[in-house]
Amino acid sequence: MTRLTLLRHGETRQPGCYLGRSDPRLSARGFAQMRAATRGGRWARVLSSPRRRCAAFARAYAAAHGLPLAFDERLAELDFGAWDGEPVAALHAREPQALAAFWRDPLAHPPPRGETLPALQARVLAALAAVVADGADALLVTHGGPLRVACARRDGLPLAALAQIDVPHGACLAFDAHAAADGLRLAAIAP
């Protein structure tokens with residue numbers, strides 16, 4: 001069993017937007033959210049999405065605790081394509097039908113020129129399986145999408161349910177993880 005702790009980045013300086021490839025900095029509050037969520041944690045290593053809203057904290061945390069740090073693109077957020085970096089309110093005003101279709105059925109209606117949920121799931125689960133194969137407990141600094149994928153796997157939920165999983169900024173969720181014949185198994189544990 002490997003303990004994986006997934007930490008969602010904190011609040012950014014670009015709130016209310018779809019942020020996939022976009023790379024705003026954390027706000028001071030966002031950094032504080034992440035510090036509070038990891039207080040007292042003990043891990044053997046830190047892995048992070050390369051987006052600076054994750055990477056900045058991961059670098060600081062790893063340096064402060066003398067932990068090895070690696071970056072993995074597979075831990076990045078869903079690529080929102082044409083909607084990336086756009087305020088949700090502006091999209092709602094400009095493309096209300098497309099946005100409503102995405103919210104109603106994200107599997108059938110991904111963002112224009114964006115990544116699909118099955119592609120997000122495949123890369124995130126591959127990243128988690130690689131961490132489990134290495135065997136050392138890890139803090140993974142990531143985004144809402146990858147955390148939702150992990151929660152859906154833990155709870156046996158379909159991909160269509162991802163939008164219904166609440167993962168606030170600074171959320172820190174711990175999982176016992178192991179490889180199984182039918183794929184990666186995740187079980188909840190207290191962080």
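This is a predicted model: local features need pLDDT of at least 70, side-chain atom pairs count only at pLDDT 80 or more; totals for chains, interfaces and linings use all residues.

Tutor: Residues are numbered from 1 along each chain as its sequence is written, and side-chain values use heavy atoms, with hydrogens and water left out.

Student: In what order do the elements of the protein run from the N terminus on?

Tutor: Helices (H or I, at least four residues) and strands (E, at least two) are DSSP runs here, numbered from the N terminus. That gives 6 helices and 6 strands. Read from the N terminus, the order is β-α-β-α-β-α-α-α-β-α-β-β.

Student: What radius of gyration does the protein have, next to that of a compact globule?

Tutor: The radius is taken over C-alpha atoms, and the globule rule is 2.2 Å times the number of residues to the power 0.38. For 191 residues the rule puts a compact globule near 16 Å, so the protein agrees with it, at 16 Å.

Student: What share of the contacts between residues at least 6 apart in sequence join residues at least 24 apart?

Tutor: A contact means heavy atoms within 4.5 Å. Counting pairs at least 6 apart in sequence, the share joining residues at least 24 apart is 69%.

Student: How many disulfides does the structure hold?

Tutor: A disulfide is a pair of cysteine sulfur atoms within 2.5 Å. For Cys 54, the nearest cysteine sulfur belongs to Cys 172, 13 Å away. For Cys 172, the nearest is that of Cys 151, at 11 Å. The total for the structure is 0.

Student: Is Cys 54 buried or exposed?

Tutor: Buried means under 20% relative accessible area, exposed over 50%, and partly exposed in between (1.4 Å probe, protein chains only). Cys 54 has 0% relative accessibility, so the label is buried.

Student: And which label does Ala 44 get at 38% relative accessibility?

Tutor: Ala 44 is in the loop between α1 (28-38) and β2 (45-48). Because its relative accessibility is 38%, Ala 44 counts as partly exposed.
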